[in-house]
Amino acid sequence: MLFAKLCELGLNNTAALIIAVVLSAVFGYFIGSVNFGIILSEKLYKEDVRKKGSGNAGSTNMVRNYGWVPGLLTLAGDLVKTALAVLMGMLMFLERGMFIAGIFCMIGHIFPIYFGFKGGKGVACFGGIIVMTSIKMGQWYIFVILLAIFLIVVIGTRYVSLASIVCAMVYPVLLNRVDAFLISNVPELQVLQGLEIYAVILGLMVIIQHRDNIGRLLRGEENKISFKKKKKND
């Protein structure tokens, strides 16, 4: 990783740490700013998805306005860019670099420099971070559990926003309990200690971005996702 290489070249730990963290954040932000919802809506429909529906540039609003295929393409693009950002962070500063790059990828997705700082809510990025970090740290079951929770809530209520909020709340707690168990039973895994703070930051970002949805949920005014194929004349 870059941090170790910089130390080998004679930089002190503080300077190497600053460089690795800054580069993780910079790469994450600029990669995250590539918003596939905006790109696809403009290329395929000559429209800006941010001017339709909820005004959000994420996959859910793409599904509501253009159908499942554009929505899933948006989701796939956002997952791929998040994976790329997280991998870059790993090359900079291992596990912590992954989370730092992931957080700034979410920030870029929400406030994209290429699109007037107005993007999506970061849920796809949140999911991509969980996938990548869980696999890297040998905790793939964390992703499986959260995916199961997400699907159960969506299928049961048809509220994507509620499912996202629930997962954002559960993720830090789940990671904390898993880490505590692993660290107490496998001392060499102490490198994982403290990573849950990044999970808290990620979860709070998702919840804050859904503050309007929370209000609508409380008032019973939140839109539900439809599992029916969108008609061409919609």
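The legends below describe a predicted model, one view at a time. Residues are numbered from 1 along each chain as its sequence is written, and side-chain values use heavy atoms, leaving out hydrogens and water. Local features need pLDDT of at least 70 and side-chain atom pairs count only at pLDDT 80 or more, while totals for chains, interfaces and linings use all residues.

View 1. Helices (H or I, at least four residues) and strands (E, at least two) are DSSP runs, numbered from the N terminus. Of the 234 residues, 45% count as buried, where buried means under 20% relative accessible area with a 1.4 Å probe, protein chains only. The chain exposes about 11900 Å² (Shrake-Rupley method, 1.4 Å probe), and carbon and sulfur atoms supply 68% of that area.

**View 2. Helix α2 (13-32) packs through its buried residues against α1 (2-8) and α5.** The helix has 20 residues and reaches 28 Å from its first C-alpha to its last, close to the expected 28 Å; the expected span is 1.5 Å times one less than the number of residues. Its buried residues include Ala-16, Ala-20, Gly-28 and Ile-31. At the start of α2, a side-chain oxygen of Asn-12 comes within 3.1 Å of the backbone nitrogen of Thr-14.

**View 3. The largest nonpolar core has 29 residues.** Such a core is a set of buried Ala, Val, Leu, Ile, Met, Phe, Trp, Tyr and Cys residues joined through side-chain atoms within 4.5 Å. Phe-99, Met-106, Phe-126, Leu-146, Tyr-171 and Leu-202 have the most contacts inside this core. Among the elements that give it two or more residues are α5 (68-110), α6 (123-136) and α9 (196-209). The largest share, nine residues, comes from α5. Leaving aside neighbours within four places in sequence, Leu-202 is in contact (heavy atoms within 4.5 Å) with Phe-99, Ile-103, Met-106, Phe-126, Ile-129 and Tyr-171. Apart from this core lies another, of seven residues, among them Ile-38, Leu-40, Met-62 and Tyr-66.

**View 4. Ser-41 lies in helix α3 (residues 36-45).** Ser-41 counts as buried because its relative accessibility is 0%. A polar atom of the Ser-41 side chain lies 3.1 Å from the backbone oxygen of Glu-47. Not counting residues up to four places away in sequence, Ser-41 touches Lys-46, Glu-47, Asp-48, Val-49, Met-62 and Tyr-66. Of these, Met-62 and Tyr-66 belong to the core of seven residues.

Note on methods: Buried < 20%, exposed > 50% of the residue type's maximum accessible area, 1.4 Å probe, protein only. Polar contact = N/O pair within 3.5 Å; in protein donor to acceptor, adjacent residues only side chain to side chain.
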